[in-house]
Amino acid sequence: MAESWWVSTLARGLAFSAPLLLAALGELVAERSGVINLGVEGMMILGALAGFAAADASGDPWLGVLAAAAAGTLAALVHAFFSITLRANTYVSGLALTMVGLGLSGLLGKPFAGRPLAHPLPKLDIPGLSAIPWLGPGLFRGQSALLYLGLLAALLLWYFLYRTRGGITLRSVGENPAAADALGVNVYRVRYLATAFGGAMAGVAGAYLSVDYRPSWTEGMTAGMGWIALAIVIFAAWDPLRAVLAAFLFGAFYHLAYRFQAYLAPEFLKMTPYLFTVLFLVLSALGKSVRLGAPEALGRPYLRGERE
Amino acid sequence: MRLVPRGEAPALFVAAVSLLAVLLAFAASLVLLALYGASPWEAIAVVYRGVLADPRGFAEVLRRAVPLTLAGAGLALAFRAQFWNIGAEGQLLVGAVAASGVALFGPGEGVAKLVLMAAVAFVAGGLWAMVPAYLKARLAVNDVITTLMFNYVAIYLVEWLIHGPWKGKSVFGFAYTDRFPASAWLPLWPGTGLAWPGLVMAVVAAALLAWLLGATKLGFEVRVVGENPEAARYAGVRALSTLLQVALLSGGVAGLAGFVEVAGTHHRLLAPLQISLGYGYTAIIVAWLGRNRPLATLLTGLLIGFVFAAGDVAKVALATPFQLVQVVNGLILFFLIAAEVPIRYRVVWRPERG
């Protein structure tokens, strides 16, 4: 089994990267419209709880995924209202969302804690494809449907952003909202939609954790993954396909760190994803001109008729 | 209806709107409490009796206010300089680690030992903040994310120490260090759990930072960098050095908060969640509520300290979970940023004319 370490790195790396990818893709779209949402962690944890609660009550894990998307969307709309309509400080609004999300999910999640989910999402084996040498066993055996959803979303988003009219509109709102406005684009509506999409994806990322990866509810189970997703957006230079690579690199590194657990205290092992995040940000800053890829109007509220 | 930007709003108006926002957040919390199945009226009565009318309860407010004000005053300075330090939690924890190291293994007796503990806690917290600040100034690495990631690194550093090399010889199955020698304990206000030197430190730190911001060259540079980075470059402000000094001070006072917690309350290094109940994150609200004025964090730290103390009383009397405090704090932050609207804009009810 010469390829076993490779297969397990690919398989486990992908499994770990799925929630990061889903959340990062959502945030990427929001940021492309010019809205930074530091509430990813909060939306993710609310999604995780809503997903578990709905899947637990209905017995259908897919209903859980839907409920998670809805919860994430709702939370994102709160951020949209504060940062787009009220033009409050985007950073603080997102932080508030994370705080409320973590607190509220802890409060409402009490009765669900420590209970396993009877019907988690099934793992998929794709016959035929899993026989492909090298890639097959890792990519197509025993993976989550949500991973494929994430990979598919990355492809579609890339096409949407660079090959469709809607994508141009979205990007123009993030680059130069005043010019987009002058061309008849409803800046507020585009930003609302993009932020809502970001929330839905963060919610699904949360559901991946609670109805699939570890089918249960634990307070604070997102453990900073929402923040890592934010870093992946930067590392990926706001490009959906690069986000796939960045998320996978992250998952693979994390898995490889586990292989050193005989030599490393478990606490240092748990530290690695956060250190990797810093390292990745430093590398991406060293590797290219710093603001490359960042939407020009990122984080700047738009007020119609206001000159800068 | 539309919003028209206005100039500087009068200070009294800003204070009144902020206060209204806090009151609305409290009202929303009571509604939430009712939905949770507890009686809001009983909650008010319980909090009044247990916190406001009871000197020992009020000492608890002060005990919470100390780390909140220390970290919050530092964040006020950081935010003024556009250094988005979300890492006060981690800076507090490494401060606690450094102070514990001196308490357990370091030299010194009596007051000298306590001073040494405070000094290393300050330096440790400051250095912890300077790394992200350096990365921000030199490479434009996003400071929100790096400071936050360093929180997790600090958490696992503490976990490692209390499970591994620093695990107490006399504590058997528990994960914490041995108790500090008595010379490393801060004295308490008689009859309460309040380490009064911590209170003194919080007041002095807030006053010093306010003076620094208002009357020194560094303060001037911070204000210029914060308000107009372009102009700062023309004025010859060395962004790197300014930012590093801000980070040292901001992280340093958060480190002091960690020192006060271990030397004043716990007398040992223990699990991160027991050292800090999210004080570092909550300090963001303290700073923001104080409009990033260090002196104002004395008041706002007290207010959020009250939320923590009230949450403790409610937990015992009404069996509400601790997370309620987090939710109340988050709601305060939301209502506060909503309050930005009447402060920054005039609302005009006439329709827009071409």
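Tutor: Happy to; here is the pairing, followed by the chain around it. Keep in mind that this is a predicted model. The two partners belong to chain B: helix H1, residues 11-36, and helix H14, residues 323-344. Their axes lie 8 Å apart, and the helices pack at an angle of about 140°. As for handedness, H1(B) passes H14(B) in a right-handed crossing.

Now for the side of H1(B) that makes the contact: B:Val14, B:Val17, B:Ser18, B:Ala21, B:Val22, B:Leu24, B:Ala25, B:Ala28, B:Ser29 and B:Leu32 take part. H14(B) answers with B:Val327, B:Val328, B:Leu331, B:Ile332, B:Phe335, B:Leu336, B:Ala338, B:Ala339, B:Pro342 and B:Ile343.

Stepping back to the whole chain, chain B holds 14 helices and two strands. Its radius of gyration is 21 Å, close to the 20 Å that the globule rule gives for 354 residues, so chain B is as compact as a globular protein of that length. The C-alpha trace spans about 80 × 60 × 30 Å along the principal axes of chain B. Of the 354 residues in chain B, 53% are buried. Finally, looking at contacts in chain B with a separation of 6 or more, 79% come from residues 24 or more positions apart.

Definitions and conventions:
Residues are numbered from 1 along each chain as its sequence is written. Chains are lettered from A and ligands numbered from 1 in the order in which they are written. This is a predicted model: local features need pLDDT of at least 70, side-chain atom pairs count only at pLDDT 80 or more; totals for chains, interfaces and linings use all residues. Axes are lines fitted to C-alpha atoms, for helices over the stretch in contact, and angles run from 0 to 180 degrees between N-to-C directions. Helices (H or I, at least four residues) and strands (E, at least two) are DSSP runs, numbered from the N terminus. A crossing is left-handed if the near helix is turned anticlockwise from the far one by less than a right angle, and right-handed if clockwise. Two residues are in contact if their C-beta atoms, placed from the backbone, lie within 7 Å. The radius of gyration is taken over C-alpha atoms; the globule rule is 2.2 Å times the number of residues to the power 0.38. A residue is buried if 20 or more other C-beta atoms lie within 10 Å of its own, exposed if 12 or fewer, and partly exposed in between; C-beta atoms are placed from the backbone.
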